[in-house]
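My entries follow the display.

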Amino acid sequence: MKKRRGFIQMAILHLLEEAPMHGYQIMKELEIRSGEHYSASAGTVYPALQELLEKEMIELEPSSDKKTYCIQEKGKIRLQEFAKSKEGAFWSNWEDRWSWQNSEEAIRLKEIIDLWEAELRKAIKKSRNTPENSPKLIAFMKEITERLQTENY
């Protein structure tokens, strides 16, 4: 969850770099910029805003009657650092990410991951009852991990 919130925080910083906004505006703009593939929730956006406030990357605009957020210097610096580490325009990557997550491939991949996790839990439970099988399970997990690290998927 933390990783996702980091991506949401970057999106919020990008939005606030364009203009000050209140929470609902941020949620609607995130949805629009995802091509309607992502529905931002208050349970995701407001904790991200709170973390950004705590890190002093944003602040509440004092002259606004609503809770309107605006970017601070630390937030602008974070955007510059992020831009150096990533390729491509942020908003096209944002839309691509959410579009892919709703694709048939992503849905099938999630289904197989869920099945794989269930089978792994069963294997771990069996290995607790039969400790001599643990080295075999560990070797299998190590092999799969190494293949994931070296294969080009």
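I looked up burial in helix H5 and found Phe90, Trp91, Trp94 and Trp98 to be its buried residues. Viewed down the axis of H5, these buried residues fall within an arc of 95°, so they line one face of the helix. I note for this entry that the model is a predicted one. The background is that an α-helix has 3.6 residues a turn, so residues three or four places apart point the same way.

I then checked the length of H5, which runs over residues 90–101. At 1.5 Å a residue its twelve residues should span 16 Å, and the end C-alpha atoms are 17 Å apart, which agrees.

I turned to helix H3, residues 42–54. Its 13 residues reach 18 Å from the first C-alpha to the last, close to the 18 Å expected at 1.5 Å a residue. I listed the buried residues of H3 as Thr44, Val45, Ala48, Leu49, Glu51 and Leu52. They cover an arc of only 160° around the axis, which puts them on the same side of H3. Just after H3, I found Glu56 with a positive phi of about 60°.

My last entry concerns Met21, which lies in strand S1, residues 21–22. Is Met21 buried or exposed? Its relative accessibility is 10%, so Met21 counts as buried, the cut-off being under 20%. Leaving aside residues up to four places away in sequence, I found Met21 touching Leu15, Leu16, Ile26, Glu29, Lys67, Thr68 and Tyr69. Of these contacts I followed up Tyr69: Met21 and Tyr69 are 48 residues apart in sequence, yet 5.4 Å apart in space, C-alpha to C-alpha.

Methods
Residues are numbered from 1 along each chain as its sequence is written. This is a predicted model: local features need pLDDT of at least 70, side-chain atom pairs count only at pLDDT 80 or more; totals for chains, interfaces and linings use all residues. Side-chain values use heavy atoms; hydrogens and water are left out. Helices (H or I, at least four residues) and strands (E, at least two) are DSSP runs, numbered from the N terminus. The expected span of a helix is 1.5 Å times one less than its number of residues. Buried means under 20% relative accessible area, exposed over 50%, partly exposed in between (1.4 Å probe, protein chains only). The arc is that of the directions from the helix axis to the C-beta atoms. Contact means heavy atoms within 4.5 Å.
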